[in-house]
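Please read the following report alongside the sequence and the coordinates.

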Amino acid sequence: MYLCNEFFLKHKSMKITKIKTRTGVLGAPVTTELDAVVERMRSEESRAAAHRIAAAALQSRLAMEQGQPRFTLEAADHLPYLVFSATFGKGGVQHPTAFTQLLLLDIPCPEGLRQVEELRKRMAQLPYTLLAFAGVSGVTLKVVVRCAYSGDARPWELKKGSKTELDADQYLVFLNEAHECAARVYTNLAKCNLLVSEQTLTLGCRMSHDPQLYYNPEALPLPVIHEAEDVLQAYEGTLTDDDGNVTCFPGTDERQRFQMEYYTCLSRALDEQPDNAEACLVTLAGYCRKARLEEEACVSRTAWDLRFRPLGEDLIRKVFRENYKKPYNGKTLTQMNEKERIIRFIEDFFARRYQLRYNVVKQLTEFRPNDLTFKQWQPLTDRQLKSIVVEQMKEGGESWMNDIRIYIESAHIPEYNPVHEFLKGCGEWDRRHDYIEDFARRLPTDFSLWPKYFHRWFLAMVAQALNINRDYGNSMVPMLIGGEGIRKSVFCKNILPPSMREYYMDDIKMDNAEQVERVLGRMWLVCIDEYNAKTDREQAKVKRLLTEKDVQIRKMRSAEYTMTPRLCSFIATTNDPTPLSSAEGNRRYLCVEVKGQIDMSGRVPYKQMFAQAVAELSTPGCLYWFTTDDEHIIREHNQPFMAEAPMESVLPTIFAPTEERKRENHWTAAAIQQELARHLRPQDVPNLKSLGATLKALHWPRTGIKGVRGYYLRLLKDTPPEP
């Protein structure tokens, strides 16, 4: 494959960095031509040095096997160290002068030069391979790839007046993203594994001797998928009102332009064909095509007109279709094979008739007519899909249900996130109030930190929806504690605006694992209503779900699981004044005792609440998680809400920790269980698992003697009580 002269010259003058070393320490960097380095690696000049390095490496390995000190590879100083990703100035490797966008890949070849040769041939088949050569050790293949963002964007170049400054951090982000993209391409196409290493500006390798190296200065740049920092994509025309309802007003100017031009075309057609409706329709279709008006909008508007309604929508559509027909990408239908003709027809059909989008939260395709009426989006059900198939058959389409289903379920349909659309539509925070804490104060409580901690949890809920934190999910659950009829559930439900209530759930059933996983990726907020009614097993599962960041979801009619970012956050309500059954995990709950009726009167300023959250999350250093100090405060605060386990109250009456490290004071869990059997009824003696959990909750110091784990305790009761 050959590229334009400009691209060739760009690679012809490509520069990299060559650094001499002394006992492994980098010396002064020197900028050199890549072509010159390639010629030297092919020449006999580097052969002798490469052989000395191989011999020195062998001598070092033998010395280490014999228990001798490792041999110093001073011969390595005869071959320079090559850095491909950047060039440097006189200030050394701390002062880069240019970023080359070259990426070095390291491919292991444990079988030696035979495997190196085989993999090098595979690398040569990929258009992105700029350089491939054997490593100096003979058991690795080095591959150099030129990478670029879409449109050759360079966010690491900062324009300040007439000068350009380099941002090394941004460039390292690029290198890491480039390495991820290259790993996917090369491991799949070349069927090889890459050695993973942290990308740095000085990451490189030794110059080696390889007369058979592969070098293609015309290699294509590998496209790098850049993950934008602003996760909220711009949804044109989307707004959110004060009540949090999403309203779309797209195409207002477009609609006005269409109406004006359509009626101009209609007026001219009526002047030319005032008495013949069919002839007038043909003339109108011709004028609309010349005016480049949208075909489906013209069909819809014409079918509505009383002058043309007797002709029927089917005839009107066929007349416009005949006028609007055009070649597909410059090719007529006769120049295509059957498969291309079918898919081109499907693409053209949907471009004219319907708008499609894939809802990534609901994980389904939505549609609406493409007639400038901007109706509400609807889920594309099987019934509606079959109606669409019938419509395209009426137009003479050759595709069947399976053909159209394949297109609809493909990545050709653009993705859409309704939660992101809502947050984007909230606009700017007016900074007049702390709307989030104002909402929290609707709940009467004596817990002074409640507004602050609700604020933190609310930020975590929005951050969870934006998938900001890639390490862990929102692991805190506010638990509203109070009697019946004080509007606890109403408060929870009103955290989300009406337009987002379809992403709210009142409860979650823990007995269906697949349903639970779907809820984590499908719902924005789940209220665990009547938490005390959950079994111990269900409560334990809730604690596990709180720390999950991604969830595995299996789509319907599919046997494969896909990883989906978790969307869901949790809140809980209960009438039980002591809902926490164990000290373990109570830092995951923020217990709040409700001291009266919750005030849900008046309008909730959803638009400003969520705009405030987005604005704060975009501020550097924003705290949207609970720190270790916060968790300590929450643990102390939650103590009155813990139900004391019976065994936790019984054990301290029989045993007490002791500092005397005597063998007779060392008690294993099994020995403690046997002693409890002397004091309790058989049905009250706990099993070893529950006993271990109780001992852990009591925080008694644990130790061991000769590998036997146990506790140093003294016995308070020597004889069992009288029956």
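The protein averages a pLDDT of 80, and 81% of the residues score at least 70, where pLDDT is the predictor's confidence in each residue, from 0 to 100. This is a predicted model, in which local features need pLDDT of at least 70 and side-chain atom pairs count only at pLDDT 80 or more, while totals for chains, interfaces and linings use all residues. Residues are numbered from 1 along each chain as its sequence is written, and side-chain values use heavy atoms, with hydrogens and water left out.

Confidence is lowest in helix α1 (residues 5-12), at a mean of 40, and highest in helix α14 (residues 435-440), at 95; helices (H or I, at least four residues) and strands (E, at least two) are DSSP runs, numbered from the N terminus. Over residues 1-11 the pLDDT stays under 50, and for this stretch the model has 21 contacts beyond four places in sequence, a contact meaning heavy atoms within 4.5 Å.

The whole structure holds 31 salt bridges, each defined as a side-chain nitrogen of Lys or Arg within 4 Å of a carboxyl oxygen of Asp or Glu.

E296 lies in helix α8 (residues 295-304) and R353 in helix α10 (residues 338-353), so the pair ties together parts that are 57 residues apart in sequence. Both E296 and R353 are buried, the classes being buried under 20% relative accessible area, exposed over 50% and partly exposed in between (1.4 Å probe, protein chains only). K595, by contrast, is partly exposed at 46%, and E593 is likewise partly exposed at 36%.

E675 and R678 both lie in helix α22 (residues 669-679), three residues apart, about one turn of the helix. Of these two, E675 is buried, with a relative accessible area of 8%, whereas R678 is partly exposed at 36%. Elsewhere, salt bridges that share partners join E295, E296, E313, R317, R321, D348, R352, R353, E391 and E395 into one network.

An open sheet of four strands has the order β18-β17-β16-β19, with mixed pairing, and its edge strands, β18 (378-379) and β19 (415-416), each pair on one side only. Two strands pair if DSSP finds at least two bridges between them; β16 (residues 354-359) and β17 (residues 364-369) pair in the antiparallel sense over six bridges, and R368 in β17 is the bridge partner of Q355. Helix α10 lies across β16 and β17, running at about 100 degrees to β16, with axes taken as lines fitted to C-alpha atoms, for helices over the stretch in contact, and angles running from 0 to 180 degrees between N-to-C directions.
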